[in-house]
Amino acid sequence: MSIASFEPTTLLTVLPEILLLALAGIILVVDLASQRSRGLLLAWLTALGLTGILIIALLYGQPGENDVLIFGGMLRHDWTAFAFRVLFLFAAAMTALLSIDVEGVADRGEYYALLIVATLGMSLMASSADMIMLFLAIETTSIPLYILAGFMKGDDKSTESGLKYFLFGALTSAVMLYGFSLLYGFSGDTNIYRLSEAMRAGAVSPWLIGGMAVLVLVGFSFKISAAPFQFWAPDVYEGAPTPITSFISTASKAAGFAVLLRFMLAVFPAIEAEWVTLLAIIATATMTVGNVLAIPQTNIKRLLAYSSIAHAGYAMIGLVALSSFGTATVIFYLIGYVVTNITAFAVVILFARSAGSDEIVDYAGLSRRSPGLALVLLVALLSLGGMPPLAGFVAKFYVFAAAIESGWIWLAFVGVLNAIIGLYYYMTILKVVYLYRSEDENKPITIPRSYALVLMICVIAILAIGTLSAPWLDWSVNSALSLF
Amino acid sequence: MAFLQAHLLTLILFSPVAGGVLLLLIPRERLQAIRWAALFVSLIPFGLALWLWFTYQPGVEGYQFVEQAIWYEAISSSYHLGVDGISVPMVMLTTLLTPLAILISWSIEDNVRSYMTLFLLLETGMLGVFMSLDLLIFFVFWEIGLIPMYFLINQWGSGNREYASFKFLIYTMAGSLGLLLAIQMIGVASGTFDLIAITEKWSALNQSLTLFGLPITLAIGTVKKIAFWAFVVAFAIKVPIWPFHTWLPDAHTEAPTAGSMILAGVLLKLGAYGFLRLVLPLYPVEAKYFAGVLGFLAALAIVLGAFASWGQDDFKRLVAYSSVNHMGFVVLGIAAAAFAQGTMQADDAVIAINGAVLQMFNHGLSAAGMFLLVGVIYDRAHTRDLNELGGLFPLAPIYGGILIFTAMASLGLPGLNGFVSEFLVVRGSWPIFTLYTAASMLGLLITGAYILKGIAKVLQGPLNEKWLGHKMEINRREIIAIAPLMFLMLLIGVWPAWILNIINQTVKLLFG
Amino acid sequence: MEVPILSIVVFTPILFGVVLFFFPAERHREIRIFALAGATIALILSLWAYFTYDQAIGGYQLVERYSWVPRLGISYHVGVDGMNAPLVLLTGIVMFTGVLISWGIDDRPREFFGFLFILATGVFGVFVSLDLFQLFFFYEIAVFPMYLLIAIWGWKVTREYAAMKLTLYLFVGSVIAIVGGLAMYFASGAHSFSLFALEGAGFSVDFQRFWFPFVFFGFAVLGGIFPVHNWSPDGHVAAPTAVSMFHAGVLMKVGAFAALRVGIMLLPEGARFWAPLVLGLATVNVVYGAFIASIQTDFKYVIGFSSVSHMGLVILGFATLNLNGITGAGIQMFSHGVMTALFFAVVGMVYDRAHTREIPKLGGFIKVMPLVGIAFIIGGLVSMGMPGFSGFVAEFPIFMGLWQSQPIVAIIAAFSIVITAGYIMRVIGRVFFGEMPEELKGHITPINTFDKIALVILSGILLLVGVYPTIIAPLVESGAQVVLALVGGA
């Protein structure tokens with residue numbers, strides 16, 4: 001882990017970030033320049049731009065043999081950052097496409113610009129190696145998201161969502177920052193990778209380290225909506241414009257995990273046993289709270305919010321396993337989860353466009369109105385439930401395997417039983433979709449091309465990850481290795 | 001010809017069911033076509049059985065016309081057939097009675113095709129039991145006989161048929177359950193189901209407690225005992241031996257005429273055959289030990305059966321109980337032989353068994369005949385109540401003559417077949433089971449009483465007015481049906497050697 | 001290059017199912033014909049796999065192996081042996097006859113056949129799997145579509161409840177088994193999910209005894225073992241006819257088979273240790289199931305509970321851990337599968353016409369539907385273990401195996417035969433014979449040709465195996481030998 005001196009080639013490593021910034025600027029300019037609001041143009045431009053950056057990141061952004069710290073130790077160029085970056089770009093591109101025609105957001109250039117900036121922040125979050133950089137990245141991500149959540153000015157729920165998100169986020173950020181400051185205080189260094197050595201050298205009491213870990217975890221838990229900091233999620237998800245809900249639930253959560261993985265593994269090896277136990281408890285609480293509270297929900301966005309909370313719990317199990325394989329399974333889980341959740345929300349958006357409702361009862365007869373859309377929803381919900389041959393199955397399988405490998409048998413059992421609870425409410429939705437009749441059965445649901453593209457890409461991805469799984473597992477394993 | 005010789009038993013065995021399947025091709029409304037076809041089909045095994053009879057060589061040790069083929073190797077069971085002097089008469093009886101029963105069934109109007117097919121299926125079942133040399137095959141055919149009879153009673157029987165058929169089914173199945181368990185145990189203990197192989201090794205299986213290296217949790221002695229009792233109960237239900245007989249009066253009475261003919265004529269013999277073929281050879285010691293009980297029960301059957309018959313008002317039920325009475329002699333003979341075989345009284349045992357087997361055949365003839373005649377009256381008068389009938393002799397003289405003839409055979413009049421077999425049984429059992437044999441003589445007395453009662457109540461006495469003007473006489477078809485029976489009854493009565501020889505040669509070899 | 005028969009068998013249904021989803025919804029006729037084509041292909045190939053199995057060579061044949069996730073030692077590995085070849089054939093038969101019976105489905109046949117075929121792929125996949133991950137993969141695929149099939153096309157009165165209960169029960173069982181499977185994978189140190197690797201892994205005695213219940217009972221839930229059997233009667237009754245046929249005929253065998261493959265064969269010491277408990281529970285299945293069946297008034301519930309009873313016999317056979325018992329269990333899976341498919345087909349035909357399944361309200365059906373009645377009688381005789389039919393061929397070795405291991409169980413289980421005879425004859429008598437109730441007279445339409453073909457095929461197989469057991473027994477026995485070699489019995 002040497003700090004490389006500045007060379008022009010280092011810029012290549014942050015090329016994606018630079019391009020993101022440029023893209024944001026381009027969007028704003030195009031928005032100003034165009035006569036009337038060109039929602040379609042902006043969205044496609046964003047999406048294509050993001051896709052282009054994704055391709056560039058794939059081609060040129062791969063790290064080399066060793067993981068290097070760059071920019072004076074601010075960032076780390078490794079597989080973890082790479083993998084997550086690609087994930088964020090994918091999610092953002094999909095979100096952009098899904099935002100077409102969504103009332104109140106679609107034709108605003110600022111919307112897309114903020115989206116891009118948030119993506120930039122996430123990308124930095126995933127590669128941050130320094131606490132200050134990390135905090136900056138987190139804020140760069142969060143603030144645009146707060147705004148985006150409350151973007152629909154006229155909508156009470158959206159405003160409430162944005163405000164809640166902001167207040168809660170700000171509070172937990174502050175606590176986390178306090179934790180960071182303590183860490184700096186006790187070690188004299190802001191670089192994550194040197195913190196642990198410095199603390200050991202300073203013979204800091206494990207209790208203190210534990211306390212700092214807890215403070216830091218507050219912030220991280222908020223980001224990934226883990227118990228007991230999860231209760232912003234349902235309200236925020238419900239109120240925000242659905243594409244943003246999708247983005248928050250997927251990319252933002254993944255970013256939070258990226259930080260969680262990197263930080264905990266790097267900074268707190270001294271009290272590994274303790275924070276792992278704590279995380280196990282948090283994971284159990286998260287899964288259970290998420291699943292149990294999802295059951296009585298009548299609004300599909302709220303239900304998916306609680307389901308997302310539960311999924312954070314499942315993913316955490318992999319981290320509890322505290323092994324290279326375990327960490328790999330977390331990353332793999334997130335990959336599968338991101339693709340699946342986007343699909344689910346895409347269906348929600350499409351349905352809301354035509355039916356104007358997010359209530360589950362209104363989904364009755366969807367299978368007759370639009371068999372294809374019902375099938376996509378089936379695929380998404382089954383993947384969330386963990387059914388083969390979909391991504392969710394292998395993701396859960398690997399996570400539980402990691403837990404069992406490390407001896408966390410009881411946690412694995414808790415996980416599988418929670419998965420069953422999850423299946424219960426997913427199946428209930430499917431029952432409404434396929435079994436119940438409604439008078440609106442004959443009104444078809446229009447699916448514009450952009451949405452069809454998203455659905456197709458995501459469904460294929462879900463199936464591919466679920467059946468082939470090996471390529472993505474390899475990625476995840478490589479990423480995990482770089483964290484260990 | 002060689003093919004015939006090599007596969008005679010299989011042909012006899014399967015021609016009925018094959019024919020039955022072909023019958024299904026005839027459209028169900030063509031009643032006459034079905035009846036004639038069924039009759040024709042049933043005559044094929046009869047013809048083949050005649051061939052069998054005449055080419056069978058008495059006095060040769062072992063089974064003849066043996067056939068063996070792979071069937072269920074996984075559990076060491078094969079399709080193994082063969083006959084000896086005990087089974088040949090039984091095969092003959094079965095193949096003879098079936099066409100006659102079919103001939104009697106001409107008056108059935110309802111669902112004739114199913115009826116005939118069931119009959120033929122039944123025939124295969126019964127033949128299979130008599131011919132099989134493999135315990136599993138034995139059991140298979142034993143069970144196959146059950147279901148057609150159930151349906152025959154249930155669908156074509158009289159008033160109380162649902163109850164009677166159900167009782168028949170449950171009783172016999174309970175019995176065959178024991179049979180099944182016993183056969184399973186024997187199979188497990190000896191590693192094969194082949195009768196010949198088992199008979200050879202069975203007595204030697206006394207010492208070892210482990211089988212195939214596997215410790216089984218039951219001692220061999222216990223296995224044998226349980227199997228013995230299971231067999232006894234199963235066969236006792238079938239014969240039937242008092243007190244397992246209570247299914248019989250209902251089943252016989254409610255069955256359609258032809259069903260009763262076969263039921264009494266052949267099915268009951270399956271039980272006795274089981275005793276002879278399986279219980280005595282495999283369990284000489286246990287059989288000897290319990291022979292006294294068996295003899296006692298036999299005597300009870302003879303006496304109580306006769307009394308029960310005497311007390312009946314229903315003609316058919318009277319004949320039904322007479323079966324209990326007559327089969328009692330069979331059991332007495334078997335019991336005596338069980339007690340005495342291999343001892344100094346072995347000769348008497350041989351005589352007793354000869355009597356028993358011949359009685360099986362004879363009772364088959366006479367019971368079938370009696371039921372046939374009961375059926376004739378029922379067909380005309382639609383009642384079986386003896387008090388309603390009466391004085392029919394003038395209206396139906398031919399019928400009356402035949403009834404008297406057959407009843408005398410049943411009674412055991414010298415000159416007719418019943419006498420020969422009953423005499424042999426009594427002669428053979430007297431030295432062995434004197435007390436029981438004496439009791440059975442009492443039974444004979446009562447037998448006379450009920451037979452005469454039956455005849456008297458039907459044929460003599462004041463004529464019930466309502467029969468005037470009805471056509472009560474027996475018709476030509478029915479005469480043709482009973483004629484062979486009458487002929488055989490007379491033939492055996494005056495010259496029994498032709499059948500006794502065949503039986504005796506085998507019995508001597510097996511039990512001498 | 002050999003033709004990958006097994007993969008074609010496994011994937012044909014789901015391929016046809018996926019293609020079906022692209023058909024326009026209204027083209028009912030084309031949908032049905034296409035579905036039938038898929039079922040026919042699967043049937044022919046399964047027949048091929050069955051009859052080309054060479055018993056002289058033994059072992060696994062038609063093997064295919066491809067690397068799937070090499071990092072974790074997961075491969076796509078399939079093969080047939082004596083135990084699963086009959087089950088593959090069974091699936092082909094039930095799938096084919098099920099499509100024939102479902103010709104009349106009018107409400108979204110496209111989705112119906114699509115989901116049914118996904119189910120079929122799952123089932124085929126489990127039977128031929130030689131990789132543990134793959135087995136779990138296909139197992140879940142086999143379970144899930146049941147929910148939709150029952151909830152959407154099932155009996156309105158109980159379908160939602162029954163579908164949810166069934167699916168949750170089965171999933172809980174399977175995920176518990178998955179945890180056990182993962183424990184085995186990691187404990188073996190072989191870094192491979194291949195069943196062969198796990199068979200030779202040499203798990204410690206304590207490990208085996210601890211994990212056996214999780215794995216065995218997790219799968220045996222689908223096999224209907226007492227006391228986690230009560231998803232089954234409700235599920236059977238609520239499902240539409242073809243789904244009931246599949247469910248009782250094939251799916252329950254998937255559970256029992258997986259319990260054998262993963263539980264008994266991989267954890268033999270655990271199997272030996274827990275055998276008494278399994279024997280006890282399965283005995284309860286057999287007797288209690290028969291008893292409860294005999295007091296039902298709904299025709300379909302009688303059949304549902306009789307399935308619980310007969311699956312008990314399968315589990316009993318497995319628990320004997322000897323050659324006879326396992327062979328018998330293997331044959332019973334096939335025989336009962338065909339028999340219960342036949343039963344449910346008949347029940348469906350009666351219900352479609354009478355619109356009631358209450359036995360007191362039925363009667364005299366044999367006059368208007370003679371073939372149906374005879375088919376049911378044949379099924380009934382199989383159910384009673386009547387010789388001459390496949391039920392006897394299957395039950396006999398099971399009882400022999402029981403004599404060798406626990407004779408008391410043999411005696412108790414034998415009572416169920418009498419109880420079964422009682423209720424079967426009663427049902428036959430009340431439903432098919434006797435007098436038809438007034439309100440039904442004149443309303444009973446005859447069955448169509450497809451129904452007849454299905455009935456004849458199913459009845460014929462039951463008879464064929466009954467009179468000629470050699471067609472299945474040696475094959476299953478060779479498979480049982482493999483199991484025995486692992487268990488170490490005789």
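## Where chain C meets chain A

In this predicted model, 27 residues of chain C are in contact with 28 residues of chain A. Three elements of chain C each supply at least two residues to the side that touches chain A: strand E1 (61–69), helix H5 (132–153) and helix H6 (159–188). H6(C) gives the largest share, 13 residues.

The side of chain C that touches chain A has 23 nonpolar residues. Three charged residues and one polar residue complete that side.

## Where chain C meets chain B

Chain C also touches chain B. This contact takes 28 residues from chain C and 28 residues from chain B. On the chain C side, four helices each supply at least two residues: H13 (323–354), H16 (390–405), H17 (407–432) and H19 (473–487). The largest share comes from H17(C), with nine residues. By class, the side of chain C that touches chain B divides into 21 nonpolar, six polar and one charged.

Two pairs of chains touch, and the most contacts are between chains B and C. Chain A and chain B do not touch. Their nearest C-alpha atoms are 39 Å apart.

## Chain B as a fold

Chain B holds 19 helices and four strands. Its radius of gyration is 22 Å, close to the 24 Å that the globule rule gives for 512 residues, so chain B is as compact as a globular protein of that length. The C-alpha trace of chain B spans about 80 × 55 × 40 Å along its principal axes.

Of the 512 residues in chain B, 61% are buried.

## The nonpolar core

The largest nonpolar core has 617 residues. Within this core, A:Val320 and B:Val331 have the most contacts. Helix H14 (residues 346–381) of chain B gives the most to the core, with 20 residues. In soluble globular proteins, nonpolar side chains tend to be buried together.

Which residues does A:Val320 touch, not counting residues up to four places away in sequence? They are A:Val276, A:Leu279, A:Ala280, A:Ala283, A:Ala403, A:Trp408 and A:Leu411.

## A closer look at A:Ala402

A:Ala402 lies in helix H17 (residues 391–405) of chain A. Is A:Ala402 buried or exposed? A:Ala402 counts as buried, because it has 29 C-beta neighbours inside 10 Å.

A:Ala402 and A:Val320 are 82 residues apart in sequence. In space, their C-alpha atoms are 8.9 Å apart. Leaving aside neighbours within four places in sequence, A:Ala402 is in contact with A:Gly318, A:Ala321, A:Ser323, A:Phe325, A:Gly326 and A:Thr329.

## Confidence in chain A

The mean pLDDT of chain A is 89. In that chain, 97% of residues reach 70 or more. Which elements of chain A have the lowest and the highest mean pLDDT? The lowest, 73, belongs to helix H1 (residues 8–13) of chain A. The highest, 94, belongs to helix H13 (residues 300–320) of chain A. Where pLDDT is low, the predicted coordinates should not be read in detail.

Key:
Residues numbered from 1 in each chain as written. Chains lettered and ligands numbered in written order. Contact = placed C-beta atoms within 7 Å. Nonpolar A, V, L, I, M, F, W, Y, C, P; charged D, E, K, R; others polar. pLDDT = per-residue confidence, 0-100. Rg over C-alpha atoms; globule rule 2.2 N^0.38 Å. Buried ≥ 20, exposed ≤ 12 C-beta atoms within 10 Å, placed from the backbone. Core = buried A, V, L, I, M, F, W, Y, C linked by C-beta atoms within 7 Å.
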